[in-house]
Amino acid sequence: MKQYKHIESALLHGGFDGDPATGSVNVPIYQTSTYEQEELGKHKGWEYSRTGNPTRAALEKLIAELEGGKAGFAFASGMAAITAVLSLFRTGDKIIISSNVYGGTFRVLDKVFNNFGITYSIEDTTDIDSLNKKITPDVKAILIESPANPLMTVTDLKAVSDTVHRHGILSIVDNTFMTPYLQRPLELGADIVIHSATKYLGGHSDLVAGLAVVNDENLAERIAFIQNSTGGVLQPFDSFLLIKGIKTLGVRLDRHVLNAEKIADYLVKSDAVKKVYYPGLPTDPGFEINKKQAKNGGAMISFELFENYDIKTFFKSLNLIALAESLGGVESLICHPASMTHASIPYEIRQKVGITDGLIRLSPGIEHAEDIISDLDRAIKTSKIK
């Protein structure tokens, strides 16, 4: 077994102790649906690839190690991971979600789980005292994003976990924006961590995947049962690609964050920009809490232009930065949350939580920062209404 102390090494060596048959330094792709058994009731640990696959198992072991959990689970998408976790609950249960979360999370609760009598409420999870008062007997979990999508709101993960545990309920954290390289929610008291691994963990916009990690053996058994029963598992080749992407997570995120810090500084100084949402800025309301629980401010930025700039012209004028859904790829991506990632959230709710029609979300890639800034600057100048 390889020895190491730091996450940078775990990214490369976690989850896989080598292939004794060949000495391969990479996890083999076990592209099989089933496994030959020696005799009735006797097999080599593998029966059917929905239940378990060695390539997927290596990925699940890797993400559990990186997050410091008891067990990891790989799914066909981030939403499949969230759906599996929400399937832990039953009719009459209520889930509290942060006041700004990914639109797909809201949609699956509002349009799918609501049909089965699992309800939700949207609360400001940054206000711990107020949150404590909202935990009624029917509330069974709080689902948090920190920084939250798309307003980068920072929630004190330890304070929330301490609060919910006094009520005997679960703390669930979507760690997509930070990844275990920058933030480890289980160490702060969370019970379950989920990821859209499509984003930074994969990092190359070439796969769709979801992950979940738990710190409790009972929860692990329950989610393993749900994963096998519902079948939304990640396929062997995508598992291989995701392991490959995770190997470079540290060096990629270092560059992503460096670029984000330079871009945030440019945006703050721009006369065209009304507001910047980035927890890496000392002026950001979540800066101090984020500094306490994360390595840095991450790489996601949102901002708003003043009203004398045309947002459609701005998006159309970009050349290097791609207008696209998703985030966390090596290329810079930008989107309009109100009409793209968060369009499933009703207009009234978007306005109430601050997801305005003028909000822009940027995922800086690993290009040279000056090229990204030049593209933004050119598009901003072009979009000014004369």
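Q: How do you know which residues and atoms the values refer to?
A: Residues are numbered from 1 along each chain as its sequence is written, and side-chain values use heavy atoms, with hydrogens and water left out. This is a predicted model, in which local features need pLDDT of at least 70 and side-chain atom pairs count only at pLDDT 80 or more, while totals for chains, interfaces and linings use all residues.

Q: Why does Thr 179 count as buried?
A: Buried means under 20% relative accessible area, exposed over 50%, and partly exposed in between (1.4 Å probe, protein chains only). Thr 179 has 0% relative accessibility and therefore counts as buried. Thr 179 belongs to helix α7 (residues 179–182); helices here are DSSP runs (H or I, at least four residues), as are strands (E, at least two), numbered from the N terminus.

Q: Why does Ser 205 count as partly exposed?
A: Ser 205 counts as partly exposed because its relative accessibility is 44%. Ser 205 is found in the loop between β6 and β7 (210–214).

Q: Which peptide bond ending at Pro 147 is cis, and what is its omega?
A: The bond from Ser 146 to Pro 147 is cis, with omega near -5°. Asn 149 and Pro 150 are likewise joined by a cis peptide bond, with omega about 10°. Pro 147 lies in the loop between β4 (139–145) and α6 (157–166), and Pro 150 is placed in the loop between β4 and α6.

Q: What makes a set of residues a nonpolar core?
A: The set consists of buried Ala, Val, Leu, Ile, Met, Phe, Trp, Tyr and Cys residues joined through side-chain atoms within 4.5 Å. The largest such core has 81 residues, and Ile 142 and Ile 334 are among those with the most contacts inside it. Helix α10 (residues 249–269) gives the largest share, eight residues. A second, separate core has 32 residues, including Ile 82 and Leu 219.
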